[in-house]
Amino acid sequence: MKKDTLLIICALALPIVLAGCGTTPPTPQALAATSTKEVEPALPTASATPDPCSSALIQAEVQRLHSHMREFDDAALLASNMPREELSGSIAELQRIRRDAEDEPIPACLTAMKTYQVEHMNSVINTLVAFMGGADQQSLDEGIALAREQHDQYTLELARVLGLTVVPADTAGAPSETPTP
């Protein structure tokens, strides 16, 4: 019996002890105020800076980045038609354009495009430097092929970012080499 009495006393005392650990109950006035107050849903906060990757702004971002490639392509065309002895000035100009492209701040959605761009520029510059140094024809051909491949990757990424469809060149109209009967 002594054990049962102790158990009953503990069972009655436990809720009192636990109630002391809780928070103060709200007053009736506080309850009335919260029940009549209209709760507004949390809305996403609008950023003061517009998203440069949005469809409305991506065109301008791409144009800034692409302007370096256009300038580089023009300078590379001129350099490819210069005598070996006169290439140093052209290579310096190509390096300047590459540095400008590397320093251009871009949004995250254009990272791949910029990577292809700079890789292409590096390949062209390295191939021209190798040409100035008297590299063998096979090395030069490999450098040219790599630069073309990287330029194609850049162009495909440019089209993807702008949402354009790339259509391969039509080879059906090419003359065949079959003999005439």
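**Exercise 1. Determine whether Ile 91 is buried or exposed, and identify its contacts.**

Step 1. Ile 91 has a relative accessible area of 6% and is therefore buried; buried means under 20% relative accessible area, exposed over 50%, and partly exposed in between, with a 1.4 Å probe and protein chains only. The model is a predicted one, in which local features need pLDDT of at least 70 and side-chain atom pairs count only at pLDDT 80 or more, whereas totals for chains, interfaces and linings use all residues. Residues are numbered from 1 along each chain as its sequence is written, and side-chain values use heavy atoms, with hydrogens and water left out.

Step 2. Ile 91 belongs to helix 4, which covers residues 87-103. Helices are DSSP runs (H or I, at least four residues) numbered from the N terminus.

Step 3. When neighbours within four places in sequence are set aside, Ile 91 is in contact with Ile 125, Leu 128, Val 129 and Met 132; contact means heavy atoms within 4.5 Å. For Leu 128, the separation from Ile 91 is 37 residues in sequence and 7.3 Å in space, C-alpha to C-alpha.

**Exercise 2. Describe how helix 4 packs against helix 5.**

Step 1. Two packed helices are described by the angle between their axes and the distance between the axes. For helix 4 and helix 5, the angle is about 165 degrees and the axes lie 10 Å apart. Axes are lines fitted to C-alpha atoms, for helices over the stretch in contact, and angles run from 0 to 180 degrees between N-to-C directions.

Step 2. Helix 4 is therefore roughly antiparallel to helix 5. Angles under 35 degrees count as roughly parallel, over 145 as roughly antiparallel, 65 to 115 as roughly perpendicular and the rest as oblique.

Step 3. The crossing of helix 4 with helix 5 is left-handed, a term used if the near helix is turned anticlockwise from the far one by less than a right angle; clockwise is right-handed.

Step 4. The residues of helix 4 that meet helix 5 include Ile 91, Leu 94, Ile 97 and Ala 101. On the helix 5 side, the residues include Gln 117, Met 121, Ile 125 and Leu 128.

**Exercise 3. Describe the packing of helix 3 and helix 5, and locate His 68.**

Step 1. The axes of helix 3 and helix 5 cross at roughly 15 degrees and come within 11 Å. This makes helix 3 roughly parallel to helix 5.

Step 2. Helix 3 and helix 5 also have a left-handed crossing. Among the residues making the contact are Leu 65, His 68, Met 69 and Phe 72 of helix 3, and Gln 117, His 120, Met 121 and Val 124 of helix 5.

Step 3. His 68 lies in helix 3 and counts as buried, at 10% relative accessibility. Leaving aside neighbours within four places in sequence, His 68 is in contact with Ile 97, Asp 100, Ala 101, Glu 104, Gln 117 and Met 121.

**Exercise 4. Trace the salt bridges of Arg 96.**

Step 1. Side chains of opposite charge can pair when their charged atoms come close. A salt bridge is a side-chain nitrogen of Lys or Arg within 4 Å of a carboxyl oxygen of Asp or Glu. The whole structure contains 6 salt bridges.

Step 2. Arg 96 pairs with Glu 71 in a salt bridge whose closest N and O atoms are 2.6 Å apart. This pair links distant parts of the chain, with Arg 96 in helix 4 and Glu 71 in helix 3, 25 residues apart.

Step 3. Asp 100 also forms a salt bridge with Arg 96, the closest N and O atoms being 2.7 Å apart. Both residues lie in helix 4, 4 residues apart, about one turn of the helix.

Step 4. Relative accessibility is 28% for Arg 96, which counts as partly exposed. Glu 71, at 33%, is partly exposed, and Asp 100, at 32%, is partly exposed.

Step 5. Glu 71, Glu 93, Arg 96 and Asp 100 are linked in a network of salt bridges.

Conventions. Helix = DSSP H or I, 4+ residues; strand = E, 2+ residues; numbered from the N terminus.
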